[in-house]
Amino acid sequence: MKKIGLLSDTHGTLSKRVIRFFENVDEIWHAGDIGTVELADELSAFKPLKAVYGNIDDHMLRTMFPEDLRFSCEGVDILMTHIGGYPGRYEARIRKHLYSNPPKLFISGHSHILKVIYDKKIKCLHINPGAAGNKGFHKVCTAVRFVVDGGQIKDLEVLEFERTKFNSLNSQYL
């Protein structure tokens, strides 16, 4: 059994609320637009980190993390990318991977909108954790945590709070 903290679109800032929400997770998964190497390093120092780079991430983050990450966790096949779209509207670049060899869990970010959707066509759960950072058009910051156990994804919980200047890990916002 593994407890997972999932976030995306931090854009270099992260509220301590998210860190408290992830206090008891075993791993953090970041679906891109990390923003800074410093934030990636802080997350890695806190918990084991699996991540992909996003469209705003610089060459340093692109050397640290892949564009797509396919891995297994507790018997669950997972595919994570930043720009992935949604069931019925997947991005062309990732669509062929999803349809030819569907994972059990597909994770993407980019939209800044939290969505959890089951794609009946390919029998795959899609999670977009929304945006956890303080930059972007979103008015609400979000992150999710869930349990992966015995091939099952369960006990999904959502953290949601109003986006304001917040006390960030890197003290950029106080």
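Reader: Which conventions apply to the numbering and to the model?

Author: Residues are numbered from 1 along each chain as its sequence is written, and side-chain values use heavy atoms, with hydrogens and water left out. The model is predicted: local features need pLDDT of at least 70 and side-chain atom pairs count only at pLDDT 80 or more, whereas totals for chains, interfaces and linings use all residues.

Reader: What radius of gyration does the protein have, and what would a compact globule have?

Author: The radius is taken over C-alpha atoms, and the globule rule is 2.2 Å times the number of residues to the power 0.38. For 174 residues the rule gives a value near 16 Å, and the protein agrees with it at 15 Å. The C-alpha trace spans about 45 × 30 × 30 Å along its principal axes.

Reader: How many of the residues of the protein, in percent, count as buried?

Author: Buried means under 20% relative accessible area, exposed over 50%, and partly exposed in between (1.4 Å probe, protein chains only). Of the 174 residues, 49% are buried.

Reader: How many helices and strands are there?

Author: Both are DSSP runs numbered from the N terminus: helices are H or I with at least four residues, strands E with at least two. The protein has four helices and twelve strands.

Reader: What is the strand order of the open sheet?

Author: Strands of a sheet pair through backbone hydrogen bonds, either parallel or antiparallel. Here, two strands pair if DSSP finds at least two bridges between them. The open sheet has five strands in the order 4-5-8-10-9, with mixed pairing. Its edge strands, each pairing on one side only, are strand 4 (68–73) and strand 9 (114–119). Strand 9 runs antiparallel to strand 10 (residues 124–129), and six bridges join them; Val116 has Ile127 of strand 10 as its bridge partner.

Reader: Which helix packs on this sheet?

Author: Contact means heavy atoms within 4.5 Å. Axes are lines fitted to C-alpha atoms, for helices over the stretch in contact, and angles run from 0 to 180 degrees between N-to-C directions. Helix 4 (residues 92–100) touches strand 4, strand 5 (76–81) and strand 8 (105–107), and its direction makes about 170° with that of strand 5.

Reader: Which strands does strand 11 join?

Author: Strand 11 (residues 140–149) has seven of its ten residues buried. Five bridges join it, antiparallel, to strand 1 (residues 2–7), where Leu6 stands opposite Val144. Nine bridges join strand 11 to strand 12 (residues 152–162), also antiparallel. In the hairpin of these two strands, Gly150 takes a positive phi near 55°.
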